[in-house]
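Here is a friendly walk through one protein model, from the overall fold down to single residues. Please keep the structure open as you read.

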Amino acid sequence: SRVENPTVQSLELQLARLQGRESGLAVASGVAALSAVLLSLVKAGDHVIFFWESYKPTRHLIRDLLGKFGVETTGLFVEDVPRLESHFRAGKTKLLLFESPTNPILRVPRIDTMTEACRKQGVLSVLDNTLAGPHNHGQFDVDIFVHSLTKFVSGHGDVMGGAVLASRTLISQVRS
């Protein structure tokens with residue numbers, strides 16, 4: 001049951017349906033979900049864009065940990081969204097990671113502007129949707145949703161868990 005079991009599969013599919021996505025992957029925590037996405041989809045030489053208003057462990061994982069493995073990063077502020085495309089590096093920017101609302105200061109970026117820019121440039125959009133919950137933002141063209149189930153989904157603190165919600169293709173990449 002470490003790889004899959006009916007109970008976990010039911011949770012993954014229910015969360016994916018709530019978010020309007022095909023598939024899901026449940027893991028031990030929100031940071032584990034984020035780590036699974038980043039470690040499976042970026043490599044040395046790739047470039048990742050994130051926002052300074054993000055959850056502190058997210059910033060640490062991207063800047064400090066991925067930086068040790070040769071992943072280049074750019075930190076932006078929510079006010080920088082109108083100029084987002086100017087920060088993409090042709091052939092190098094692999095993904096944009098953002099939150100809505102941001103944790104802990106509750107800034108709300110223009111999701112449509114960011115996903116449109118990502119789609120034009122062939123960059124994956126990853127939204128940590130923890131504070132909004134899996135029933136919000138599914139209408140946007142986001143490639144991958146990440147959730148800490150420990151917060152909105154379970155009532156903050158009584159259950160540990162994380163989830164990645166996306167297409168079957170992307171989930172199979174992350175699951176491997």
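## About the model

This is a predicted model, in which local features need pLDDT of at least 70, side-chain atom pairs count only at pLDDT 80 or more, and totals for chains, interfaces and linings use all residues. Residues are numbered from 1 along each chain as its sequence is written, and side-chain values use heavy atoms, leaving out hydrogens and water.

## The chain as a whole

The protein chain holds five helices and seven strands. Both kinds of element are DSSP runs numbered from the N terminus: helices are H or I with at least four residues, strands are E with at least two. Read from the N terminus, the order is α-β-α-β-α-β-β-α-β-β-β-α.

The C-alpha trace spans about 45 × 30 × 25 Å along its principal axes. A compact globule of 176 residues would have a radius of gyration near 16 Å, and the 15 Å of this chain agrees with that. The radius is taken over C-alpha atoms, and the globule rule is 2.2 Å times the number of residues to the power 0.38.

Of the 176 residues, 49% count as buried; buried means under 20% relative accessible area, exposed over 50%, and partly exposed in between (1.4 Å probe, protein chains only). Among contacts with a separation of 6 or more, 67% are between residues 24 or more positions apart, where contact means heavy atoms within 4.5 Å.

## The sheet

Seven strands make an open sheet with mixed pairing, in the order S1-S7-S6-S5-S4-S2-S3. At its edges are S1 (23–27) and S3 (72–76), each pairing on one side only. Two strands pair if DSSP finds at least two bridges between them. Neighbouring strands are turned by 20 degrees against each other on average, direction ignored.

Helix H2 (residues 30–41) lies across S1, S4, S5, S6 and S7, and runs at about 150 degrees to S6. Helix H3 (residues 56–68) lies across S2, S3, S4 and S5, at about 155 degrees to S2. For these angles, axes are lines fitted to C-alpha atoms, for helices over the stretch in contact, and the angles run from 0 to 180 degrees between N-to-C directions.

Which residues of helix H4 (residues 111–121) are buried? They are Ile111, Met114, Thr115, Ala117 and Cys118. These residues cover an arc of only 160 degrees around the axis, which puts them on the same side of H4; the arc is that of the directions from the helix axis to the C-beta atoms. The buried residues of H4 pack against S2, S4 and S5, while Glu116 and Lys120 are exposed on the other side. Just after H4, Gly122 takes a positive phi of about 70 degrees.

## Two residues up close

Leaving aside residues up to four places away in sequence, Thr115 touches Ser125, Asp141 and Val142. His87 is 28 residues from Thr115 in sequence and 14 Å from it in space, C-alpha to C-alpha.

Lys68 lies in helix H3 and is exposed, with a relative accessible area of 68%. Between Lys68 and Arg168 there are 100 residues in sequence and 30 Å in space, C-alpha to C-alpha.
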